[in-house]
Amino acid sequence: MSNTLNLESTDSVSIQAQADSIGKQEASASFDNIIIKPKKKKKKSKKSRSKRGLGKPTGFEEYYVDVPMTPAEFETEQVLYNPSRPIFHRIEDALQRYQKNRRLENFRRDIFLKYLAYGGVDISPRMFAGADQKDLKDLDSEQILQARTQTSIPRDTANLTIDFDEVVRGYLTSYFPSYFNPETEDMVKLGTVTIRNFLSYLLYHEVCPEYKDNIDQARKSCDIAATELWKNQQFMVKGPGHFNKACSTLFGGHLYDYYTEEDDEERSWADGPPMTRDVARKVVRFALAGAGSDQLAIDFRELGHKDELRSKRVNDIHGFEIMVIHPPGDTVLDFYRTHAPDLVPVGRVTAISYWDPAKPACDMTPEQRQQATTPVIFSFFVEQPLLQLCYPGMKVITPVWRMNCGLDYFEETFTVYGTIYTVLANDLMLGWKKPRPVYDTADGDEMEADEDDASEQGDGIADVQDVL
């Protein structure tokens, strides 16, 4: 087909019509040569198993409550949690349903399982008890829970004393801080909220009504630990404060003669150089003048002029327990603001000697033990920011020093415990396995010889039978 324009026609309308016709034919021919390929659908990348479900409700939110039960669920729980059933069966069923209704993320799950193991629950994986999805199709909901459970209570622990509150106090105040070492307030709340949520589940579903008061007290212990644990962690990191560091630098302790001005050129300090002796003297003098008693200041000055100031570490104690807190008054604050604006005002803490029950007792005679266990009262100077972290009943494990002028100070804080600090032997049983019988070497050799003889006799009988 020719697309030539006929120029012999003088009619402009006909010429325009011929041009439009030719244009349509060319466009049609060009579209015939185009092949339209279907668009490929982009494949959605699947999230890894560790990131699936992030952001969804977990059941541990602040205002989360369990949904009301249906009549069928209520009747089922009335049978499962009947007080006539043994309590370890009821707790096992409650653990299965609790873990089904809560989304336990990795770190929260580790905290919860360690708490169960600390309380005597077996959390070891079941051997040869894996559940395939094909096998689960033929099971009902109760059987699926049984197949997927990882927790069980050993029957040989059925006669042990049950105390929810004591286990909570022992776990949160002794085991949890040392094992998980929470570095933020959120990590502390993660542990306390998880355990309190489980205890609330036991109360709401009336799993063990005979222990209702004990479980309710355990929930209060969780609330106390949530407040005190974070203060303990901060005090342990920020302590012992400028005043106690100054005393250790001047009078004896870990920092005594630790730093000299010549070290600036030879050492590189990661957190800055330690306190110089001149700064330490200024810190001590202003603390005694501002917050100390008149008699203490006079004795310190007189012994200092005679160069007779001496300090001695208080032996046979592990630390101190705070009894009374005396924050700095307006007079002390004005004194520091006027004369030493570069220093932090100090208050006082009255404390008593403390022995950690988790540590071994000192090897002493009965007379020495009676003398050593006599309570000793201390009075420490502590800066205002650290003083805000203190509370009556706080136990600080640290070396304590006493001077001949009556001044007390302490050094680096190793550990800090709360008011409900409890030491249990439960953590010693974590990872314990039932021992297998071990035979004597001679008996074992005789048993192996008997087995070898039996196998040889068996082979001989088989040969005779083959011959026959």
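Reader: With which residue does Lys-189 form a salt bridge?

Author: This is a predicted model, in which local features need pLDDT of at least 70 and side-chain atom pairs count only at pLDDT 80 or more, while totals for chains, interfaces and linings use all residues. Residues are numbered from 1 along each chain as its sequence is written, and side-chain values use heavy atoms, with hydrogens and water left out. A salt bridge needs a side-chain nitrogen of Lys or Arg within 4 Å of a carboxyl oxygen of Asp or Glu. For Lys-189 the closest N and O atoms are 3.9 Å apart, and the partner is Glu-185.

Reader: In which helix do Lys-189 and Glu-185 both lie?

Author: Helices (H or I, at least four residues) and strands (E, at least two) are DSSP runs, numbered from the N terminus. Lys-189 and Glu-185 are four residues apart, about one turn of the helix, and the helix that holds both is H8 (residues 185-204).

Reader: Is Asp-93 buried or exposed?

Author: Asp-93 forms a salt bridge with Arg-85, with 2.8 Å between the closest N and O atoms. Buried means under 20% relative accessible area, exposed over 50%, and partly exposed in between (1.4 Å probe, protein chains only). Arg-85, at 24%, is partly exposed. Asp-93 has a relative accessibility of 8%, so Asp-93 counts as buried.

Reader: How far apart are the closest N and O atoms of Arg-281 and Asp-278?

Author: Both residues belong to helix H12 (residues 277-291); they are three residues apart, so about one helical turn separates them. Arg-281 is partly exposed at 31%, whereas Asp-278 is exposed at 55%. In their salt bridge the closest N and O atoms are apart by 2.9 Å.

Reader: Which element gives the largest share of the lining of the largest pocket?

Author: On a 1 Å grid over the protein atoms alone, a pocket is an open set of points with protein on both sides within 12 Å along at least five of seven lines, and lining residues have an atom within 4 Å of a point. The largest pocket is lined by 38 residues. Helices H3 (87-101), H4 (106-118) and H7 (164-180) are the elements that give two or more residues to this lining. The largest share, five residues, comes from H4.

Reader: How many residues of that lining are nonpolar?

Author: Ala, Val, Leu, Ile, Met, Phe, Trp, Tyr, Cys and Pro count as nonpolar, Asp, Glu, Lys and Arg as charged, and the others, Gly among them, as polar. Seven lining residues are polar and seven charged, and the nonpolar ones number 24.

Conventions. 1 Å grid on protein atoms, 1.4 Å probe; cavity = no way out; pocket = protein on both sides within 12 Å on 5 of 7 lines; lining within 4 Å.
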